[in-house]
Amino acid sequence: NRKARYMSNKIVTSPFPTVEIPKESLVQHVWKNTDKWDDVPVSTCATSGRNYTYGLARQAINNLAQALIADCKLQPGDVVALVLPNIPENIIISHGISLAGLTLTFANPLYKEDELKRQFQNSSVKAIVTISLFLEVILRVASQLPGYKTTICVGGEIDEIKNVRSLQNLIMENHTSDLPEISPQDIALIPYSSGTTGLPKGVLLTHHNLVANLVQTDHNELCRPTPEEVNKKALTVLPYFHIYGYNSIMNTCAKIGLTLVSLPKFTPEDYIRALLEHRPYFLFVVPSLLLFLASSSAVTKNHLASVEVITSGAAPATEGLLQKFREKVGRDVTIKQGYGMTETSPVTLFTPRNKMASTKKDTVGVLLPNTEAKVVSLIDETDCEPYSPGELYVKGPQVMLGYLNNNKANTEIFTQDGWLRTGDVVYYDKDGYFYVIDRCKELIKVKGNQGRHVDGKFHELIPDEEEFEHRAEIRENVSEHRLCVARKADSLFQQTQGLWNCV
Ligand code: 4UW
């Protein structure tokens, strides 16, 4: 019986069968079945029109990997940082770095010098890839990094004296250096995240973690396109320097044969022009971008005429918002939601494309294959039954190795038996669908009771509440959470607004 299978011992498992995670590196995994698309663009800039086909990108990745070893003298395990807006070369640069056995990290180009320095010292960065606009700041930061080797610049005039190399030259070079063996357990990526508390910390994600998440989402009911959808265009403006843009958009689209059209910054005019010029079939959004599309009078039904599938994540997209969007387009567009965090590569929950999912409102979906969860009461730390709110704990092959050099944070986020505490308050229903209702880290304690402020009043969290009306009330009262998480997603979205369209 369905319920018993998913929920024995109050541990929820995925409704999908277990999948095998291949023991291969990220680059091997993404590109292994892409030969048939050699003439199809994999990555296009909506603003400049610059683009790379699958065939060209594969060659450029290979050349860059060799040049990083032979010319830049980088060694396996060295950390290379990207300080870039969304440009079509992003996939070439990040995969060239990975193929060379190096570890990638990325930072928001709008970070202040001190923030970049702190992050790059923390992860012992040995090389930085950037654009000429940021070069001056980057060279100042680089001069303060012990053992630093080289800076690589995309576009612009290169000053060889300052030990700056041109990406274009590195990609054109033809070396024949041996590429190192990569173990699935090697660290592929160190994104920075605050997690559930404190300053940003380096999140150690292995090749296995990233590949696992690409395999876990590769299912007909999740992210795999139908044969007719392969090679269609996907429009994104979400930053590649965040795990959503990097793994769930860039790596996923390349693996499944979509053409990624990216904007280096968001302005309503640029986004609308991209919709008209590229006629995308897929859109990747955060709720604030969906709200813009649903409510701006500048966006008409015609602008969205080609759009059939939308994926939203990073913050709650309410049923009301989805409804508003559907009214605007006047058709039944598929809208999928994903939930996850940097620490989980990032996806753990996803709304499947099936009949049951279409009857569920405000859900972030079911567990991905190979993923387990439990919901732990904030009142007495017992494992919760369906409909009872508590903190979401997850386990799966996409869960990070841990934070870089931070035992204290590791002890806080992992339980002794290996569950990752998400810091999000959720409940699940009898069919294994999850609903995000709050974030623990914004909870406050008043006289020892946990609760939160809503409209200036303190609300205690309700323990095992049985009645549906009451649960509805809990969800009605989440405005503060929605604001908090929306603020985070807005900042993700707005980060792109300040970026210059400079390459
Ligand atoms: N509903 C409510 C959601 C949701 C959410 C995330 O910056 P990070 O570390 O990571 C992200 C990840 C975004 C993401 C994950 C999986 C996925 O499929 C997708 O797109 C389709 C995007 O933002 O922040 C993690 C925190 O963000 C909140 C939640 O609080 C989580 O701990 N969050 N997704 N659908 N809240």
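## Two helices that cross: H3 and H4

A crossing of two helices is called right-handed if the near helix is turned clockwise from the far one by less than a right angle, and left-handed if it is turned anticlockwise. In this predicted model, the crossing of H3 and H4 is right-handed. The axes of helix H3 (residues 54–70) and H4 come within 8 Å, with a crossing angle of roughly 50 degrees. That angle makes H3 oblique to H4.

Which residues of H3 and H4 meet? On the H3 side they are Ala-57, Ala-60, Ile-61, Asn-62, Leu-64, Ala-65 and Leu-68, and on the H4 side Ile-91, Ile-92, Ile-93, His-95, Gly-96, Ile-97 and Leu-99. Sorted by class, this contact has eleven nonpolar, three polar and no charged residues.

## H4 has another partner: H9

Helix H4 (residues 90–99) and helix H9 (residues 243–256) have axes that come within 12 Å and cross at roughly 95 degrees. The two helices are therefore roughly perpendicular to each other. H4 brings Asn-90, Ile-91, Ser-94 and His-95 to the contact, while H9 brings Tyr-246, Met-250, Asn-251 and Ala-254. Here the classes are four nonpolar, four polar and no charged residues.

## A closer look at Lys-395

Now let's visit a single residue. Lys-395 sits in strand E20 (residues 390–395). Is Lys-395 buried, exposed or partly exposed? Its relative accessible area is 26%, so Lys-395 is partly exposed.

Beyond its neighbours within four places in sequence, Lys-395 is in contact with Asn-370, Thr-371, Glu-372, Asp-417, Gly-418 and Trp-419. With one of these, Asp-417, the side chain of Lys-395 reaches the backbone oxygen at 3.0 Å.

Conventions: Residues are numbered from 1 along each chain as its sequence is written. This is a predicted model: local features need pLDDT of at least 70, side-chain atom pairs count only at pLDDT 80 or more; totals for chains, interfaces and linings use all residues. Side-chain values use heavy atoms; hydrogens and water are left out. Helices (H or I, at least four residues) and strands (E, at least two) are DSSP runs, numbered from the N terminus. Buried means under 20% relative accessible area, exposed over 50%, partly exposed in between (1.4 Å probe, protein chains only). Contact means heavy atoms within 4.5 Å. A polar contact is a pair of N or O atoms within 3.5 Å; within protein, one must be able to donate a hydrogen and the other to accept it, and residues adjacent in sequence count only if both atoms are side-chain atoms. Axes are lines fitted to C-alpha atoms, for helices over the stretch in contact, and angles run from 0 to 180 degrees between N-to-C directions. Angles under 35 degrees count as roughly parallel, over 145 as roughly antiparallel, 65 to 115 as roughly perpendicular and the rest as oblique. Ala, Val, Leu, Ile, Met, Phe, Trp, Tyr, Cys and Pro count as nonpolar, Asp, Glu, Lys and Arg as charged, and the others, Gly among them, as polar.
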